[in-house]
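The structure comes first, and my notes follow.

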Amino acid sequence: QTRPLMLPFQPYLHHVSYCQCREPVRKDTCIWTNAPVKNLRICRKTSMCPTKAAHGLHLRTAQAGPAGLVPGSGVAKNYVYHIPRPLLEDLVGPSVLAWTLIAELSKLL
């Protein structure tokens, strides 16, 4: 994201933490899109996810092994590398809704 090639695309860069999508791990990821997306939140001291606010830490790491006092997610790559459903809904939901409305309008015309 900081390479010279990507600099013109910075306006399309959005950050999100998986823990803000009801996941037990704080896996930060970048979303590159020109679509109008909302609800993409990053977990930091000023905007903590519910788990970190309640416990003072995340209950799992996004890696297989532990980190300090926090256990790892195990060796199941599907658990760590999947896209959380709430994130998919935030990213794809508006597009699906728009196309559904367009389809309904085309039936009326």
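The entries below cover a glutamine and then several cysteines.

Before starting I noted that this is a predicted model, in which local features need pLDDT of at least 70 and side-chain atom pairs count only at pLDDT 80 or more, while totals for chains, interfaces and linings use all residues. Residues are numbered from 1 along each chain as its sequence is written, and side-chain values use heavy atoms, with hydrogens and water left out.

Entry on Q20. I located Q20 in the loop between β1 (13–17) and β2 (28–32), strands being DSSP runs of E of at least two residues, numbered from the N terminus. Is Q20 buried or exposed? I found Q20 to be buried because its relative accessibility is 12%, where buried means under 20% relative accessible area, exposed over 50% and partly exposed in between, with a 1.4 Å probe and protein chains only. Setting aside neighbours within four places in sequence, I listed its contacts (heavy atoms within 4.5 Å) as R41, I42, C43, S47, M48, C49 and P50.

Entry on C30. I placed C30 in strand β2 and noted that C30 is partly exposed, at 30% relative accessible area. Not counting residues up to four places away in sequence, C30 touches Q1, L13, H14 and H15.

Entry on sulfurs. I searched for disulfides, meaning pairs of cysteine sulfur atoms within 2.5 Å, and the structure holds zero. C30 is in none, and its nearest cysteine sulfur, that of C21, is 14 Å away.

Definitions and conventions. Helix = DSSP H or I, 4+ residues; strand = E, 2+ residues; numbered from the N terminus.
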